[in-house]
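Here's a quick briefing on contacts and strand pairing. Have a look at the model first, then walk through the points below.

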Amino acid sequence: MKKNFLILRLLFVFFVGFATLPASAGTMTQAELVRRFPPPYLVGDKDTALPVWPIFKKNMTSTELVAYVFESIDFAPIPGFSGVPMNLLIALDPLGTFVDVKVLSHHEPVFLDGLGEAPLFKFVSQYQGISLKQSIKISTGNMSRSTKEAANVYIDGVSKATASVRILNQSALSAALKVARKKLGFAEGRDPDLIARIRPDTGTVISPAALRQRGLIQPVIKLNRDVEAIFVGTNGAGLDAVALAQPDAPFVNMEASYVSVPAIGRNLLGAAGWAKLSARLEPGDHAIMLVSNGRYGVVGDDFTRGAVPDRLALKQGTLPIEIRDLDLDIKVDGVPDNGFKIFRVISQSGLDPSLPLEFFLHVTRSKGILYPEKISRDLRFSITLPARFYVAAEPDNKTWRAIWWLRWWELAVLGVALTLLSVALVLQKKLVAHERRFVWFRRGFLVFTAVFIGWYAQGQLSIVNLTSVVQSLMAGRSLTFLLYDPMSVSLWAFVLVSLLVWGRGTFCGWLCPFGALQEFTGKLGQWLKFPQLMIRPVLDGRLKLLKYVLLVAILGSAFFSATLTDKLVELEPFKTAITLNFVRSWPYVAYAVGLLVLSMFSYKFFCRYLCPFGAGLAVLGRFRLLNWLPRRAACGTPCQTCRHSCEYKAIKPGGAIQYDECFQCLDCVVIYESDDKCAPLIMEKKRARIIPIEVVPVKEA
């Protein structure tokens with residue numbers, strides 16, 4: 001106990017001493033950018049408000065802005081699986097299109113001496129030419145491909161690095177959107193990936209009367225009494241004589257329509273008008289037409305054509321959206337030339353056609369003659385586009401929520417398996433009642449652990465999980481990056497509970513894929529009658545301390561050097577054997593295979609002596625609530641059957657269980673419940689079969 005609490009104290013000192021270290025920031029210099037963007041490009045001065053560089057290009061006698069360049073870590077330092085954010089160099093053109101994306105630095109375990117960096121570089125190269133106005137999705141292999149001009153664009157993911165590339169995608173888009181909102185006029189707080197899209201179909205020919213009947217031309221009527229009501233209680237009340245005299249007469253009488261929707265605009269504006277409107281709209285732009293017939297129009301008499309309307313404002317929720325007069329020279333049948341206005345909403349504004357458009361029509365009254373007091377109030381009205389004219393936004397494909405949805409069935413299978421394991425461990429007496437049945441249950445579960453949890457679902461927990469948390473907390477970053485790996489999160493949730501109940505053994509003995517491989521090779525070595533290394537108890541105890549030393553060394557390195565940590569975590573063979581299926585450079589494969597071969601001569605050698613992650617679980621397992629393995633008074637004194645049978649050497653001579661070294665294999669419970677193996681039970685059976693002999697005293701004659 002003193003040993004483990006000493007380790008906890010060391011970790012606490014590390015956290016307290018280094019938790020306030022500053023987070024990493026961008027390191028790009030203007031000189032380096034000049035090297036990356038040689039002539040005819042010109043690198044401007046770094047923006048004084050944002051860590052952004054403008055890139056210009058000479059065009060004849062003029063100089064035009066071609067891109068803004070920035071580092072993702074300055075805007076979206078989302079931790080990767082190592083706990084350290086990936087840093088991308090992003091070039092974004094003035095229209096919000098990716099000119100290029102390059103990886104400046106990363107510490108993703110799967111790409112470091114694993115898959116290699118080539119798949120990572122190939123992945124980021126796909127962003128070139130994609131616009132932030134599009135919905136960018138990572139293909140899972142069963143999605144249809146789309147061109148980079150479509151509303152939805154799919155980019156190829158990387159097998160065995162699904163979570164890493166989604167974190168990269170989130171980093172790139174989050175950083176680019178922040179720059180676009182500050183420099184390119186994109187709507188604050190609205191992600192283009194999460195808004196509905198107008199359907200491109202033109203629909204059939206419909207008359208204006210039919211458009212009104214179907215709700216595509218929506219009436220907006222506000223009476224004089226409605227206007228008077230909004231001024232009640234103010235100095236503007238009662239100032240409109242017409243409103244007082246004719247309270248039921250219309251003050252505002254308008255019709256509103258989404259003329260950028262092909263099925264509406266083509267029929268309402270005619271072929272010529274639709275052609276002119278389409279020529280003025282960029283992809284993703286919207287156009288709203290307001291036809292006014294009432295006392296009060298949407299613009300004043302002094303309104304400048306092509307400007308932002310002085311009386312009208314537009315919002316969606318709390319998001320203000322700029323609208324501007326298109327100043328189109330077109331004719332609309334049945335409407336006077338000066339009786340309508342068509343306003344444009346640019347795509348960067350983030351307008352979502354699936355949500356109501358809330359308009360605020362400013363009404364101003366004046367009181368007084370020499371120095372009149374102006375009192376303003378807003379008349380509110382809204383229009384809604386019917387659902388059949390837009391494609392609703394899909395679930396957020398780039399964040400962690402999408403991964404959980406895509407992997408729901410894997411999580412369901414895992415949930416069933418963990419439930420089965422929990423029931424089995426709670427009802428361990430029934431489980432071990434038939435030794436042969438128990439052996440096959442354990443073998444079957446370990447096959448499931450290695451094949452499904454490990455190789456298929458990539459759910460191998462690792463020391464990397466701990467170092468990433470250390471590095472994120474140290475830098476003051478969020479831990480939400482963990483949610484990009486739902487299998488690991490689900491396993492962690494179960495393991496944390498099992499640590500409190502049973503200790504480390506539940507994971508190490510049942511849920512560790514590499515541990516399962518070691519158990520199979522160890523049993524194979526015994527079946528083949530390979531000689532087993534006999535390690536003396538004193539040396540065994542000292543070797544078991546080695547994994548704690550490795551744990552402290554690796555966690556300690558996480559505070560000082562992410563690069564050193566990347567190298568030290570390779571002490572674990574998990575990435576080689578499980579994540580990459582032994583497809584890796586030969587030194588790593590030789591190391592992993594060597595450990596499995598060693599297990600054939602010394603049972604689960606790595607787990608018992610070298611595994612830093614197992615050491616961490618052992619420390620946390622010291623806080624378990626139960627000493628759940630059954631013991632008898634005769635265990636250890638004098639019976640030593642379980643101790644000699646324990647292949648983990650986790651039972652003391654006195655019979656006590658060392659739970660921080662116990663792998664919960666239940667072999668000792670099999671012996672405990674067996675009338676044929678447990679010495680105390682065997683003795684009880686013998687005593688029960690002995691017929692007591694009654695001694696009759698002989699009387700003297």
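**A hairpin to start with**

In the hairpin of E16 and E17, 5 residues sit between the strands, and Gly368 there takes a positive phi near 110°. Keep in mind that this is a predicted model: local features need pLDDT of at least 70, side-chain atom pairs count only at pLDDT 80 or more, and totals for chains, interfaces and linings use all residues. Residues are numbered from 1 along each chain as its sequence is written, and side-chain values use heavy atoms, with hydrogens and water left out.

**Strand pairing**

- Strand E16 (residues 357-367) runs antiparallel to strand E17 (residues 373-383), and the two pair over 11 bridges.
- Strands count as paired if DSSP finds at least two bridges between them; the elements themselves are DSSP runs numbered from the N terminus, with at least four residues for helices (H or I) and at least two for strands (E).
- Across the pairing, Leu361 stands opposite Leu379 in E17.

**Salt bridges**

- There are 25 salt bridges in the structure, each being a side-chain nitrogen of Lys or Arg within 4 Å of a carboxyl oxygen of Asp or Glu.
- Arg407 bridges to Glu410, with the closest N and O atoms 2.8 Å apart. Both Arg407 and Glu410 are buried (buried is under 20% relative accessible area, exposed over 50%, partly exposed in between, using a 1.4 Å probe and protein chains only).
- Glu435 and Lys677 form another salt bridge, with 2.6 Å between the closest N and O atoms. This pair links distant parts of the chain, 242 residues apart: Glu435 is in helix H12 (residues 435-456), while Lys677 is in the loop between helix H24 (667-673) and helix H25 (679-689).
- How accessible is Glu435? Glu435 is partly exposed, at 35% relative accessible area, and Lys677 is partly exposed too, at 36%.
- Glu661 meets Lys547 in a salt bridge at 3.1 Å, N to O. Glu661 lies in the loop between helix H23 (641-645) and H24, and Lys547 in helix H17 (residues 537-560), so the pair ties together parts 114 residues apart in sequence. Both Glu661 and Lys547 are buried.
- Shared partners join Glu228, Asp240, Arg295 and Arg365 into one salt-bridge network.

**Aromatic pairs**

- A pair of aromatic rings is described by the distance of the centres and the angle of the planes.
- The rule takes rings of Phe, Tyr and Trp (its six-membered ring) with centres within 6.5 Å, and calls planes under 30 degrees apart stacked, over 60 edge-to-face and the rest tilted. That gives 23 aromatic pairs.
- Phe507 and Phe613 pair edge-to-face, at 5.5 Å centre to centre and 85° between the planes. Phe507 is in helix H15 (residues 505-511) and Phe613 in helix H22 (residues 612-621), 106 residues apart. Phe507 is buried at 2% relative accessibility, and Phe613 is buried at 1%.
- Tyr603 and Tyr648 have ring centres 5.6 Å apart and planes at 65°, so this pair is edge-to-face. Tyr603 is buried at 5% relative accessibility, and Tyr648 is buried with a relative accessible area of 3%.
- Ring pairs also link Trp409, Phe441, Phe445, Phe448, Phe452, Tyr456 and Trp510 into a cluster.

**Charges over rings**

- The charged end of Arg442 sits over the ring of Trp510, 4.5 Å from its centre. To count, NZ of Lys or CZ of Arg must be within 6 Å of the ring centre and within 35 degrees of the ring normal.
- Arg311 has its charged end over the ring of Tyr296, 4.0 Å from the ring centre.
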